[in-house]
Amino acid sequence: MRTQVGIVGAGPAGLMLSHLLHLRGIDSVVLESRSRDYVEHRLRAGVLEQGSVDLLCRSGVGARLQREGMRHEGIELRFAGESHRVPMADLTGRAITVYGQQEVVKDLIAARLAAGGSILFEADVVRLDGLDSDSPTVHFRRDGRDEELRCDFVAGCDGFHGVSRAAVPEGVLTTYERAYPFAWLGVLAAAPPAVDELIYANHERGFALYSMRSPEISRLYLQVAPDEDIAEWPDERIWAELRARLETVPGWSLNEGPILEKSITPMRSFVVEPMQWERLFLAGDAVHIVPPTGAKGMNLALADVALLGDAFAAWYDEGHTDLLESYSATALRRVWRAQHFSWWMTSMLHRLERDDPYETKLQTATLRYVATSAAYATSLSENYVGLPEV
Ligand code: FAD
Ligand code: DHB
C-alpha cells in the first residue's frame, strides 16, 4: 500500500489532518488500532476554543457543531463559599463551545468516508522504518496479518501511549514533564445541567467541575487520589461528594440522575521537543499532554495539525520546505502557552498537598484577584477562549 502522508491514529489530530490534506488534494491513509465504534464513543474532552470552532467550520465539518454545540460566554468560579462569574466574551470578544470530543471524531470520520478517504480501523501500527529516507514505511498488523504502508511522510498522531514518538533515535528528543498528586474521576449523568455555564470549584475536599454535553446530560469531575479505585466510588458516593464540593452557594443545588459512565484520568504535564525528526511529524497527545483543568488538550491537537496541513500543502504545491522546517518551533510556542495556563489553573484550583494552609491561602488570594481585577480576569479569559496568535 502507498500514500503521500501516512497518519498513525484516528483521534482529533489524525482525522483532522487527513481531512485538511484532502481539501488540499493530498492523499493520506489513517491507521487506527481501535474499532470505529470504540473511537466514536470514547468519552473525553468537551470544550472547543473559538479557533477550533472556526477551523472545523471553515473546513466544512462544522454543521452539526453549529446546531448542537453550546456557546458559553463565561465560566463560574466557586471558592471559599463565594461565587464569581468570569465574563469571557465581554473581556475578549470570543467564547468557547461545549461539544464532546467524540462528536468531533464522529463528524470527521463521516466527512472522510463520504469523500472516499481511507481510514483503516483495527490496524495496529507496530513499527516505523526509513524515517530518514524519502520513503518511510509504516508497519502494521490487521486481521492477524503483517502489512506495510509506504509514504512520503509519517504523521504520528497516536496519543501518549502510541509508537511514533518511540521511533525517534535516542538522544534526539528532550522530555519536560510534571506529575500531579491527584487524578480526575469523570462521570456522565442523565441529569439536566443545573446551570448554563461551567463551574470550576476550589473546595477544601478537593476540586470539582460542573460541565455538560446537552440540555439533558451533565458531565462532572472530582479530584481524587492518583491511585483511586473506581470500584470504591458507587453512584451515591459520587453524588454526595459532588454535593459537598459544589453546593456551596445558598439556594443552589445539583440536578441528579442515573450515572451513565465513570472513569479515572491521571493528570500530567508533558512535552517532547522537537516535534519532528526527519520525515516524522508528531502532533497532539503524542508529543504533549496537559492536565485537563484548562480544557486545552483537544484544542492543541487541532492547532498542531492546522499548521501541518499548511506545511504539507506548501511542500506538495510549491516544493517549499520552510513551513515543514519551522513546524516544531511554531507549534511549541502555543504548546508552552497552554502548558503554563493548564498548570496555573490546576495549581489554583486543586488541593495540592494535604494540610498546607499556606498554599490554600495563596489559592484564595489568586481566585479573589481573578474575581476582582479586570486585568487578571482578562488574562484567564484570553487563555481559556484561546489566543489567536501566540
Ligand atoms: P488521541 O485522541 O489519544 O488519539 C490517538 C489515537 O491513536 C487513538 O485513537 C489511539 O487508539 C490511536 N493509537 C494509539 N496507538 C496506536 C497504534 N500503535 N497504532 C494505531 N493507532 C494507535 N482533555 C480535555 O481538555 N478535557 C478532558 O476532560 C480530557 N479528558 C481526557 C481523558 C482521557 C482518558 C484522555 C486519555 C485524555 C483526555 N483529554 C482531555 C485530553 C484530550 O482528549 C486529548 O488531548 C485529545 O484526545 C488529543 O487528541 P489526539 O488526536 O492527539 O490523541
Ligand atoms: C470539560 C473538560 C475539561 O477538562 C474542562 O476543563 C472543562 C470541561 C468537559 O469534559 O466538559
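The shell around ligand 2 comprises six nonpolar, three polar and one charged residues, where Ala, Val, Leu, Ile, Met, Phe, Trp, Tyr, Cys and Pro count as nonpolar, Asp, Glu, Lys and Arg as charged, and the others, Gly among them, as polar. Its members are Ala45, Gly46, Val47, Leu198, Leu209, Ser211, Arg219, Pro292, Thr293 and Ala295; a residue is near a molecule if its C-beta atom, placed from the backbone, lies within 6 Å of it. The model is a predicted one, in which local features need pLDDT of at least 70 and side-chain atom pairs count only at pLDDT 80 or more, while totals for chains, interfaces and linings use all residues. Residues are numbered from 1 along each chain as its sequence is written, and chains are lettered from A and ligands numbered from 1 in the order in which they are written.

Domain 1 (5-72 + 96-176 + 268-345) and domain 2 (180-267 + 352-385) each contribute at least three residues to the shell around ligand 2; the domain bounds come from an automatic or database domain assignment. The centres of the two domains, taken over C-alpha atoms, are 29 Å apart. Their contact involves 13 residues of domain 1 and 16 residues of domain 2, with contact defined by C-beta atoms, placed from the backbone, within 7 Å. On the domain 1 side, six of these residues are nonpolar, five polar and two charged.

Around ligand 1 there are 31 residues, of which Gly9, Gly11, Gly159, Gly284 and Gly297 come nearest. By class, this shell has 14 nonpolar, 10 polar and seven charged residues. Helix H1 (12-23), strand E9 (124-129) and helix H8 each supply at least two of its residues; helices (H or I, at least four residues) and strands (E, at least two) are DSSP runs, numbered from the N terminus.

Helix H8 (residues 297-318) also packs against helix H9 (residues 322-349), at an angle of about 165° and with the axes 10 Å apart. Axes are lines fitted to C-alpha atoms, for helices over the stretch in contact, and angles run from 0 to 180 degrees between N-to-C directions. H8 and H9 are therefore roughly antiparallel, a term applied to angles over 145 degrees. By class, the contact of H8 with H9 has 13 nonpolar, one polar and three charged residues.

Two backbone features occur in loops. The peptide bond from Glu273 to Pro274 is cis, with omega near -10°, and Pro274 lies between strands E17 (259-273) and E18 (276-277). Ala80, in the loop between strands E5 (75-79) and E6 (82-86), has a positive phi of about 45°.

Key:
Angles under 35 degrees count as roughly parallel, over 145 as roughly antiparallel, 65 to 115 as roughly perpendicular and the rest as oblique. Two residues are in contact if their C-beta atoms, placed from the backbone, lie within 7 Å.
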